[in-house]
Amino acid sequence: MAEVIRMPKMSDTMEEGVIAAWLKKEGDEVSSGDVLAEVETDKATMELESYQDGVLLHIGVKEKEAVPVDGILAVIGEKGEDFQHLLKEASNGQSAVESKTEDSKEEKPENNASEKIDTSNINASIIRMPKMSDTMEEGVIASWLKKKGDSIESGDILAEVETDKATMELEAYEDGTLLYTAVEDGSGVAVDGVIAIIGEEGADYESLLKAEKQGGNDAKEEVKEEVKTETPVAVSSASPSVVSQPSSSSNGRVKASPLAKKIASEKGIDLAQVNGSGTDGRIVKKDVEDFTPSVQPQQTGTVSGDKPAVNIPQIVGEERSEKVDLSQMRKVIAKRLSDSKFTAPHFYLTMEINMDKAIEARKSMNEVAPVKISFNDMVVKAAAAALRQHPDVNVSWMGDHMVKHSHIHMGIAVAIPDGLIVPVVRFADNKSLSHISAEVRELAQKAKDKKLQPEEFSGNTFTISNLGMFGIDEFTAIINPPDACIMAIGGIKETVIVKNGEMKPGNVMKVTLSCDHRAVDGAVGSAFLKTFKDLLEDPVRILI
């Protein structure tokens with residue numbers, strides 16, 4: 001009997017997935033355990049596995065398309081089996097909504113409703129902005145690799161597109177001529193927005209655009225393009241002579257490859273002063289690397305009397321600001337942490353810990369440990385041991401109820417270029433320091449390579465954020481929901497310690513526990529923090 005394959009929920013925060021690639025096609029025989037497709041989530045690229053035998057009768061989603069959790073992906077059954085009734089039943093609710101939407105469209109009066117444009121005989125196709133990740137809402141055309149009038153073959157790369165995750169290549173899936181490009185380099189296009197038109201030479205692509213405009217899409221595109229084409233005004237105190245000719249398009253935007261822009265940003269080079277050697281004056285990597293800023297002439301000034309003349313350099317300055325679009329990861333971080341900060345009543349507990357014995361213990365352990373143990377590994381182990389003694393801190397706030405966990409899964413905040421992610425060390429209280437050290441290193445590398453699996457970044461019951469390696473003495477962290485607590489770890493600092501009325505040199509570390517007052521009270525958090533302090537000040541107790 002045929003069965004509908006739906007988009008599984010591959011992480012606790014996943015709302016939709018993108019079909020990166022189908023590894024099976026319609027008509028293929030499928031066995032239980034076969035990988036049907038690769039699915040991009042908001043964290044990683046996962047494999048979609050079949051749980052039954054049969055024939056892949058139907059694929060309902062194209063590659064690069066997003067599908068909400070529980071959305072229909074495919075149908076598997078016996079060869080020749082009728083599956084249409086399954087699709088109708090599965091999409092019954094969705095059809096009702098679409099029908100209602102269509103009815104409302106019909107009721108809305110339009111001036112040109114009677115002049116609907118027939119595009120069936122036009123041998124051309126609209127190229128739209130594909131959804132290249134499940135969180136993508138728009139893409140930016142970093143550069144066009146083909147220009148209007150060029151012959152295109154299936155598989156040719158039309159343009160480079162900057163998404164919320166990476167810069168990707170936009171591939172053509174048909175042969176023809178590039179009749180029309182909707183936007184210039186550097187402009188943003190919403191998902192499903194018109195990018196270009198490919199078809200037979202001389203095809204009436206303008207009718208396609210008019211038909212698209214009747215649907216109301218062009219109005220949104222025009223507004224977006226007006227915003228994107230604004231350019232900053234440069235203000236200079238120098239003379240009006242031109243230092244170099246900028247490589248820019250007609251709208252004032254500098255033409256440069258994404259790599260050239262990145263290198264220029266790192267070196268602090270103004271691309272407007274760089275001459276491009278690429279196509280149509282486009283600035284490439286070599287132009288930026290070979291660029292030498294011109295030396296400004298000095299102005300000689302004299303003063304009355306016998307004092308020598310003073311050379312006053314001509315200061316050239318420019319007021320310049322740049323709009324930075326948010327990555328999708330940054331948007332998710334902003335939303336989740338804003339929700340946490342403004343809905344969870346935070347309170348903070350700070351404690352100073354003497355790390356002298358911890359330093360000695362770490363030095364001794366690293367003489368025999370198979371992997372190098374860090375202070376962060378000791379913090380993770382001590383926190384896990386303290387949670388075992390104080391289970392009321394190892395809880396999650398779920399809105400209308402709390403969940404108290406008997407297991408201890410430690411989330412470790414890891415900074416990556418796109419933002420922040422929290423890999424999880426599961427059952428941390430049952431693992432040795434060497435085990436924790438090796439696992440944290442592996443998870444951190446996977447996080448940077450975007451190869452974490454769902455079970456490796458979900459399910460944490462407590463989170464640690466450590467900025468001590470950056471020289472931060474003390475800070476507060478925002479709770480990572482649904483956890484009830486997060487602990488901020490500062491750096492170890494050599495200072496004067498008063499003990500038994502005597503001042504002695506020592507090493508201290510400050511930690512701050514952020515607590516959700518809905519789930520954890522001050523006395524409970526303080527008791528946990530005291531146990532954590534005792535364990536680090538006498539590390540042998542961690543092993544008991």
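**Exercise 1. Salt bridges**

Task: State how many salt bridges the structure holds, and examine the pairs D28 with K25, E212 with R128 and K510 with E474.

Solution. 

Step 1. The model is a predicted one, in which local features need pLDDT of at least 70 and side-chain atom pairs count only at pLDDT 80 or more, while totals for chains, interfaces and linings use all residues. Residues are numbered from 1 along each chain as its sequence is written, and side-chain values use heavy atoms, with hydrogens and water left out.

Step 2. A salt bridge is a side-chain nitrogen of Lys or Arg within 4 Å of a carboxyl oxygen of Asp or Glu. Side chains of opposite charge can pair when their charged atoms come close. There are 18 salt bridges in the structure.

Step 3. Between D28 and K25, the closest N and O atoms are 3.6 Å apart. K25 is exposed, its relative accessible area being 57%; here buried means under 20% relative accessible area, exposed over 50%, and partly exposed in between (1.4 Å probe, protein chains only).

Step 4. E212 and R128 form a salt bridge with an N to O distance of 2.8 Å. Because E212 belongs to helix α3 (residues 205–214) and R128 to strand β9 (residues 124–128), this pair ties together parts that are 84 residues apart in sequence. Helices (H or I, at least four residues) and strands (E, at least two) are DSSP runs, numbered from the N terminus. E212 is buried, at 8% relative accessible area, whereas R128 is partly exposed, at 34%.

Step 5. In the salt bridge of K510 with E474, the closest N and O atoms lie 3.6 Å apart. K510 is in strand β28 (residues 502–516) and E474 in the loop between β26 (462–466) and β27 (485–499), so the pair ties together parts 36 residues apart in sequence. Both residues are partly exposed: K510 has a relative accessible area of 31%, and E474 has one of 40%.

**Exercise 2. An open sheet**

Task: Determine the strand order of the open sheet of four strands, and identify which strands stand at its edges.

Solution. 

Step 1. Two strands pair if DSSP finds at least two bridges between them. Strand β10 (residues 138–144) runs antiparallel to strand β12 (residues 157–162), and four bridges join them.

Step 2. Five bridges join β12 to the antiparallel strand β13 (residues 167–171). V161 has M168 as its bridge partner in β13.

Step 3. The order is β13-β12-β10-β15, with antiparallel pairing. The edge strands are β13 and β15 (188–190); each has a single partner strand, so one side of each is left without a neighbour in the sheet.

**Exercise 3. Helix α11**

Task: Which residues of α11 are buried, and against which elements do they pack?

Solution. 

Step 1. Helix α11 (residues 522–537) has 16 residues and spans 22 Å from its first C-alpha to its last, close to the 22 Å expected at 1.5 Å a residue. The expected span is 1.5 Å times one less than the number of residues.

Step 2. The buried residues of α11 are G525, F528, L529, T531, F532, L535 and L536. Viewed down the axis of α11, these buried residues fall within an arc of 160°, so they line one face of the helix. The arc is that of the directions from the helix axis to the C-beta atoms.

Step 3. With contact meaning heavy atoms within 4.5 Å, the buried residues of α11 pack against β19 (346–354), α8 (356–366), α9 (375–389), β26, β27 and β28.
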